[in-house]
Amino acid sequence: MQPIIIVLIILVVLVFIALIKTVQVIPQASAAIVERFGRYTRTLSAGLNIVVPFIDTIRNRIDLREQVVPFPPQPVITQDNLVVNIDTVIYYQVTDARAATYEVASYIQAIEQLTVTTLRNIIGGMDLERTLTSREEINAALRGVLDEATGKWGIRVNRVELKAIEPPTSIQDSMEKQMRADRDKRAAILTAEGVRQSQILTAEGEKQSQILRAEGEAKAAALRAEGEAQAIRTVFESIHAGDPDQKLLAYQYLQMLPKIAEGEANKLWIIPSELNDALKGLGGIVNLPGVGNGGNGGNGGQGATAPAPRREAAPFDKD
């Protein structure tokens, strides 16, 4: 009985192993390559698949999702003979599992080496300044070459990114000094423009202030002149309205004579010729010797003194 039991156990184990090898479950976004006696038979897609046990074998399981592969920095020589280290990141996706398995031994290594050689060809035609400022151009050129070369491998390169471009240390120091000098230059230019603009605004403000001040003074002078004219008209109208006689006018004339001589700068006083007329006008109200026809002469006698001859001007020195 014991040999029969052992045989039954062996048969059960073999059936269980055969069932395991017959049923193949492939995850979503994955594919499996099936070979029969070492020859490609078919590609298993996601889901439950049945294969012939002990005859069909699974050669390779491939992830069909988009993959991200960073590559280590690669030294590349620019057109102006400067060595820069460039880090690249490749975004790729397997579109044909059979081609990715049989057309290339290791598509990751192949993509890496193709990226390095393509970078050297692209960067070799650019100088350092263009290399640092043309990342989009380099990415587009690198992606075009990689996508064309990896198409027969069943690989699609979706995106290529330059993660870092590191020039030599000496070049970095020179670039920092140049950038610092450019910033200082721009700051000096902006400061000079600010000072210039401030001076322009100040001059325009002073000009406008002087214009406004001159306009104000002109208006004030016009108003003063108008006020003086109005005052003169008022005085003139008042005098004519009061109908003054000759005696009052002569008296006012004599009161204004001392004001004519006022002032320290007046060294010479011109006596108007109308002084005799004014004195004649006052002869009737003020008893002045030698003035008028009714004045009392010396020694109490009555007599009329002849008027003094009229003269045009009698200058004399105040001092």
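The following legends describe close-up views of a predicted model.

**View 1. The whole chain and the confidence of its prediction.**
The chain has 319 residues, of which 23% are buried. Its secondary structure comprises eight helices and 10 strands. Of the contacts with a separation of 6 or more, 64% join residues 24 or more positions apart. The accessible surface amounts to about 22,100 Å², and carbon and sulfur atoms hold 57% of this area. The mean pLDDT is 78, with 75% of the residues at 70 or more.

**View 2. The stretch of residues 287–319, where the pLDDT is below 50.**
In the model, this stretch has 39 contacts beyond near neighbours in sequence. Where pLDDT is low, the predicted coordinates should not be read in detail.

The patch covers about 970 Å². Its members include Ile5, Ile9, Val13, Phe16, Ile17 and Ile20. Phe37, Val52, Phe54 and Ile55 also belong to the patch. Phe54 is situated in the loop that runs between strands β4 (47–50) and β5 (56–63). With a relative accessibility of 56%, Phe54 is classed as exposed, because the cut-off for that class is over 50%.

**View 3. The aromatic pair of Tyr40 and Tyr102.**
The structure contains two aromatic pairs, and Tyr40 and Tyr102 form one of them. The ring centres of Tyr40 and Tyr102 are 5.8 Å apart. Their planes meet at 70 degrees, so the arrangement is edge-to-face; the cut-off for this class is over 60 degrees. Tyr40 belongs to strand β3 (residues 39–44) and Tyr102 to helix α2 (residues 97–102), so the pair ties together parts separated by 62 residues in sequence. Tyr40 is partly exposed, at a relative accessible area of 28%. Tyr102 is also partly exposed, with a relative accessibility of 32%.

**View 4. The aromatic pair of Tyr92 and Tyr107.**
This pair, too, is edge-to-face, with 6.0 Å from centre to centre and 70 degrees between the planes. Tyr92 lies in strand β7 (residues 83–94), whereas Tyr107 lies in helix α3 (residues 107–123). The pair thus links distant parts of the chain, 15 residues apart. Tyr92 has a relative accessibility of 5% and counts as buried, because buried means under 20%.

Definitions and conventions
Residues are numbered from 1 along each chain as its sequence is written. This is a predicted model: local features need pLDDT of at least 70, side-chain atom pairs count only at pLDDT 80 or more; totals for chains, interfaces and linings use all residues. Side-chain values use heavy atoms; hydrogens and water are left out. pLDDT is the predictor's confidence in each residue, from 0 to 100. Contact means heavy atoms within 4.5 Å. Patches are made of residues with over 30% relative accessible area and no salt bridge: like charges are joined within 9 Å, nonpolar side chains (Val, Leu, Ile, Met, Phe, Trp, Tyr) within 5 Å. Accessible areas come from the Shrake-Rupley method with a 1.4 Å probe; for residues, only the protein chains shown count as cover. A salt bridge is a side-chain nitrogen of Lys or Arg within 4 Å of a carboxyl oxygen of Asp or Glu. Helices (H or I, at least four residues) and strands (E, at least two) are DSSP runs, numbered from the N terminus. Buried means under 20% relative accessible area, exposed over 50%, partly exposed in between (1.4 Å probe, protein chains only). Rings of Phe, Tyr and Trp (its six-membered ring) pair if their centres lie within 6.5 Å; planes under 30 degrees apart count as stacked, over 60 as edge-to-face and the rest as tilted.
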